[in-house]
Amino acid sequence: MGYMDLDSINKIKLTIENQISNISSIKDLEELRISSFGKKGSFTSLMKGLKEVREDKRKEFGALLNKTKKELEYFLNEKREKLKKEKILKELKKEWIDVTLPIYEETKTNSVGSLHPESLVREELEKIFLRLGFSVVDGPEVESEYYNFEALNVPSSHPARDMQDTFFTNLGSVLRTHTSSIQVRALEKLDPPLRIVAPGRCYRCERLDASHEHTFYQMEGMMVDKVVSVSHLVYFLKTLLREIFGYEVKIRLRPGYFPFVEPGFEIDTWFNGKWLEMLGCGLVHPKVLEYGGIDSGKWQGFAFGIGLSRLTMLRYQIDDIRHLQGGNLKFLKQFS
Ligand code: DAH
């Protein structure tokens, strides 16, 4: 191109800009880049013509050409980014997959789920205890030996460790064998006087049968105050049973050995002409209070651990504990 003036530069700028605007694929854009700025490109040859421009004008034109080239390249890159984004979005749209499964016909007709019977009983118990001034607290299922045993006055050499067949992890933790593991955790966190209940899942290495499961639920209860006696304990437990079953349930206290209470009891309830073992309880052992950082000279407490699974079975007349964790829809639907 021998002849150059401001108009011709402007013209080529407009042309290339228009072309960029109208392009809709990265491939076409790349072709335009080559045909404009490549070795034999239209803009390149315009620049080559610079040497034929009159010397007094050359500087001015040179600057303008460079500026124009920069602007066009910027515009081109912007367009490339835009096209890239569009391409990705398009692919995403195309590759979208439906990760939901069609639901079974059987489920569709009765598609409202329901709470598990153990959850129903747990919620009921929580409500009762909240009304009685207790708080609901929680603890981990994978627990340290310390909270599951040691802090409950069960040292590692103690034969009481054999009372509960325990799952150990290879990192030295245990799957908590009872919700009593939450006792010292709660004592550490809360200042007395305190009242807590702690429902949760527990595990034991059991031989399975109609009344033994490796996974089951308990609810721990604990009250610490200046003066706490066995009659407080009996009062709260009787209230609980009355609320759950809707009548005054007959109970019986037997001495029971649990290292974390002194004295300790087992409470049986009278159902269908039989005494049924219902829960373990007692007055919190001073050592346990001390483990929780509480002065056992000033404070006393009671504790109980009730089998939520067992209570659920009694409440709904379930004859085999294995139904509870079995995941059988036919069983579960009865509670909706
Ligand atoms: N943790 C005991 C168990 O699982 C039950 C129990 C007994 C809990 C006495 C207590 C208690 O809080 O005082 O067999």
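1. His-178 sits in the loop between β3 (173–175) and α8 (181–189); helices (H or I, at least four residues) and strands (E, at least two) are DSSP runs, numbered from the N terminus. The model is predicted: local features need pLDDT of at least 70 and side-chain atom pairs count only at pLDDT 80 or more, while totals for chains, interfaces and linings use all residues. Residues are numbered from 1 along each chain as its sequence is written, and side-chain values use heavy atoms, with hydrogens and water left out.

2. Leaving aside residues up to four places away in sequence, His-178 touches Asn-148, Leu-152, Gln-164, Cys-202, Arg-204, Gln-218 and Phe-260, contact being heavy atoms within 4.5 Å.

3. His-178 also belongs to the lining of the largest cavity, together with Phe-149, Val-154, Ala-160, Met-163, Gln-164, Phe-258, Pro-259 and Phe-260. On a 1 Å grid over the protein atoms alone, a cavity is a set of points where a 1.4 Å probe fits but cannot get out, and a pocket is an open set with protein on both sides within 12 Å along at least five of seven lines; lining residues have an atom within 4 Å of a point. The count comes to one cavity of 30 Å³ or more, and the space in the largest cavity is about 60 Å³. Grid points are joined across faces, edges and corners, and a volume is the space filled by probe spheres set on the points. The cavity lining divides into seven nonpolar, two polar and no charged residues (nonpolar: Ala, Val, Leu, Ile, Met, Phe, Trp, Tyr, Cys and Pro; charged: Asp, Glu, Lys and Arg; polar: the others, Gly among them).

4. The largest pocket holds about 1200 Å³ of space. Its lining has 43 residues, with Glu-277, Met-278, Leu-279, Gly-307 and Arg-310 nearest the centre. Two or more lining residues come from each of β5 (215–225), β7 (261–271), β8 (274–284), β9 (300–307) and α11 (308–316). β8 contributes the most, with eight residues. By class, the pocket lining comprises 20 nonpolar, 14 polar and nine charged residues.

5. Seven strands form an open sheet in the order β1-β4-β5-β9-β8-β7-β6, with mixed pairing; two strands pair if DSSP finds at least two bridges between them. β1 (135–136) and β6 are the edge strands, each pairing on one side only. Strand β6 (residues 251–255) pairs with β7 in the antiparallel sense over five bridges, and a hairpin of five residues joins them. Arg-252 has Asp-268 in β7 as its bridge partner. β5 and β9 pair in the antiparallel sense over eight bridges, and Val-224 is bridged to Gly-301 in β9.

6. One joins Pro-192 and Pro-193, with omega about 0°; Pro-193 is in the loop between α8 and β4 (194–203). Another runs from Glu-262 to Pro-263, with omega near 0°, and Pro-263 is in strand β7.

7. Positive phi values also deserve a check. Asn-153, in the loop between α7 (145–148) and β3, has phi near 70° and is buried at 15% relative accessibility. Asn-272, in the loop between β7 and β8, has phi of about 45° and is exposed at 79%.

Methods. Buried means under 20% relative accessible area, exposed over 50%, partly exposed in between (1.4 Å probe, protein chains only).
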